[in-house]
Amino acid sequence: MLNKAFAEYVVNHLKKEGRLFNGTDHLIRVLKNAEALRTTENWKVVEAAVFGHDLAYSQSIESMHAQESSTLAASILKSLGYEQEEVFHISDAIACHSRFSNKPPSTDEARLLWDANKLDWLGATGFGRFMLRSGAEGLPLERAISSYRRLVAELKFYTPKGKALAKEKRKKTEELLSQLQF
Ligand SMILES: [Fe+2]
């Protein structure tokens, strides 16, 4: 079960930062996705990794946010009494959940976090999130949409269930994009 103090820390931190597209609602969707994809992973590791994966985020450190979130989550989890091995697996999953990470997810838990997180870029919610992110970066709508199309085309999934779910969601995403007047 997820440590209550860790969950509270993360929720308060994200609320304080007023996240636009990776706040607590994103965490809840990623957690639900992870539940839907779950097989034999260590759930304690997955839950903590989901909660901690975007802990340190700002536009200026996008390419570093996985590593920085990993380091921050590890120090908090250690102080809360998580075992060293658990902290290692949680921080490893967080460190490799981004396309900017220098290594792909190599454990079942890390692959589950990757897929659950990437699924939240698909469908109407994913489109909305991406438009918010693009707006914050100052991208005009037309460029934001072509950038989103590219993201959808390039998104990669690792688990069999993640791939199947992504296929369904991609279809819905294509339907949505076909309605745009661009
Ligand atoms: Fe995320």
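These are my notebook entries on a predicted model of a helical chain.

**Ground rules**

I'm working from a prediction, so I note that local features need pLDDT of at least 70 and side-chain atom pairs count only at pLDDT 80 or more, while totals for chains, interfaces and linings use all residues. Residue numbers start from 1 along each chain as its sequence is written.

**Whole chain**

I looked up the secondary structure and found 9 helices and 0 strands. Helices here are DSSP runs of H or I with at least four residues, strands are E runs of at least two, and numbering goes from the N terminus. Along the sequence I read α-α-α-α-α-α-α-α-α.

Next I checked the overall size. The C-alpha atoms fill a box of roughly 55 × 35 × 30 Å along the principal axes. For 182 residues a compact globule would have a radius of gyration near 16 Å, and the chain agrees because it has 16 Å. That radius is taken over C-alpha atoms, and the globule rule is 2.2 Å times the number of residues to the power 0.38.

I get 38% of the 182 residues as buried. Buried means 20 or more other C-beta atoms within 10 Å of a residue's own, exposed means 12 or fewer, and partly exposed is in between, with C-beta atoms placed from the backbone. Of the contacts with a separation of 6 or more, 64% join residues 24 or more positions apart. A contact is two C-beta atoms, placed from the backbone, within 7 Å.

**The core**

Which residues touch the most other members of the largest nonpolar core? I find Ala49, Val50 and Leu113, out of 39 residues. α1 (4–17), α2, α3, α4 (65–79), α5, α6 and α7 (123–136) each supply at least two residues of this core. Such a core is a set of buried Ala, Val, Leu, Ile, Met, Phe, Trp, Tyr and Cys residues joined through C-beta atoms within 7 Å.

**α6 and its neighbours**

I count 11 of the 12 residues of α6 as buried, so this helix is largely enclosed by the rest of the structure. Among them are Arg111, Trp114 and Asp115. The buried residues pack against α2 (24–37), α3 (43–52), α5 and α9 (160–178).

I checked the length of α6 too: at 1.5 Å a residue α6 should span 16 Å, and its end C-alpha atoms are 17 Å apart, which agrees. The expected span is 1.5 Å times one less than the number of residues.

For α5 against α6, the axes come within 9 Å and cross at roughly 40°. His89, Asp92 and Ala93 in α5 meet Glu109, Ala110 and Leu113 in α6. Axes are lines fitted to C-alpha atoms, for helices over the stretch in contact, with angles from 0 to 180 degrees between N-to-C directions.

**Two single residues**

Is Lys103 buried or exposed? I find Lys103 exposed, because 9 other C-beta atoms lie within 10 Å. Lys103 sits in the loop between α5 (84–95) and α6 (108–119).

Phe88 lies in helix α5 and is partly exposed, with 13 other C-beta atoms within 10 Å.
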